[in-house]
Amino acid sequence: MTVYVALLRAINVGGTGILPMKELAALCSGLGFNHVRTYIQSGNVIFDSPLGEDVVQQALEQALDKKMGKPVDVLLRTAAELGAILKANPFPAAEPSKVAVVFCSGNLPKGWLELLRIPGNEQVQPGKKEIYIHYPEGMGKSKLKLPPSTGAATARNINTVAKLLALAVALPLT
């Protein structure tokens with residue numbers, strides 16, 4: 001059994017992609033995922049499954065496409081991966097609400113950082129499949145745009161990542 005954290009892109013943000021978390025939890029339970037829990041209204045769901053990552057992701061994306069009437073990108077991480085991501089935070093002294101982890105669908109391409117233009121005081125550090133960004137003035141004021149080569153991606157602040165990890169490790173395994 002593997003504990004997964006699924007991060008849905010563009011759900012309940014700015015009035016688009018409205019999906020109540022009760023419906024997301026029911027959808028995941030209907031797919032046979034166990035111990036399903038959601039966290040806040042931005043498309044975070046934790047569950048365990050005996051299925052492999054690719055099968056879980058495909059099943060969840062297909063079910064969301066059918067429910068929402070449009071594709072919804074799903075970025076999956078295991079509890080262990082989430083722990084490593086949190087531990088690797090290159091901005092541990094920064095205010096947690098001003099540090100975001102951008103979860104990407106795959107490894108960042110070579111030379112990715114050189115393509116990035118940073119218009120403000122943001123600090124950016126790439127990980128393997130994640131990008132860490134410190135927004136000293138706050139995320140809402142930033143003009144930073146990630147290059148298209150990033151692929152499908154969704155961001156969560158460090159506080160949310162820590163809470164998702166806590167929920168994932170507390171999940172009872174069957």
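Me: How are H1 and H2 oriented to each other?
Reply: This is a predicted model, where local features need pLDDT of at least 70, side-chain atom pairs count only at pLDDT 80 or more, and totals for chains, interfaces and linings use all residues. Residues are numbered from 1 along each chain as its sequence is written, and side-chain values use heavy atoms, with hydrogens and water left out. The axes of H1 (residues 21–30) and H2 (residues 53–68) cross at roughly 130°, on a scale from 0 to 180 degrees between N-to-C directions. Angles under 35 degrees count as roughly parallel, over 145 as roughly antiparallel, 65 to 115 as roughly perpendicular and the rest as oblique, so H1 and H2 are oblique.

Me: Which residues of H2 make the contact with H1?
Reply: Contact means heavy atoms within 4.5 Å. From H1 come Glu23, Leu24, Leu27 and Cys28. Their partners in H2 are Leu60, Ala63, Leu64 and Lys67.

Me: How many charged residues are in the contact of H1 with H2?
Reply: Asp, Glu, Lys and Arg count as charged. Six residues of this contact are nonpolar and none is polar. The charged ones number two.

Me: How far apart in sequence are the parts that Glu23 and Lys67 tie together?
Reply: A salt bridge puts a side-chain nitrogen of Lys or Arg within 4 Å of a carboxyl oxygen of Asp or Glu. Glu23 and Lys67 form one at 2.9 Å, N to O. Glu23 lies in helix H1 and Lys67 in helix H2, so the parts tied together are 44 residues apart.

Me: What is the relative accessibility of Lys67?
Reply: Buried means under 20% relative accessible area, exposed over 50%, partly exposed in between (1.4 Å probe, protein chains only). Glu23 is partly exposed at 36%. Lys67 is also partly exposed, and its value is 42%.

Me: Are Glu130 and Arg77 buried or exposed?
Reply: Glu130 and Arg77 form a salt bridge, with the closest N and O atoms 2.8 Å apart. Glu130 lies in strand E7 and Arg77 in strand E4, so this pair ties together parts 53 residues apart in sequence. Both residues are buried.

Me: Which residues of H5 make the contact with H3?
Reply: The axes of H3 (residues 79–87) and H5 (residues 158–169) come within 9 Å and cross at roughly 145°. H3 contributes Ala79, Leu82, Gly83 and Leu86. H5 contributes Ile158, Val161, Ala162, Leu164, Leu165 and Ala168.

Terms used: Helices (H or I, at least four residues) and strands (E, at least two) are DSSP runs, numbered from the N terminus.
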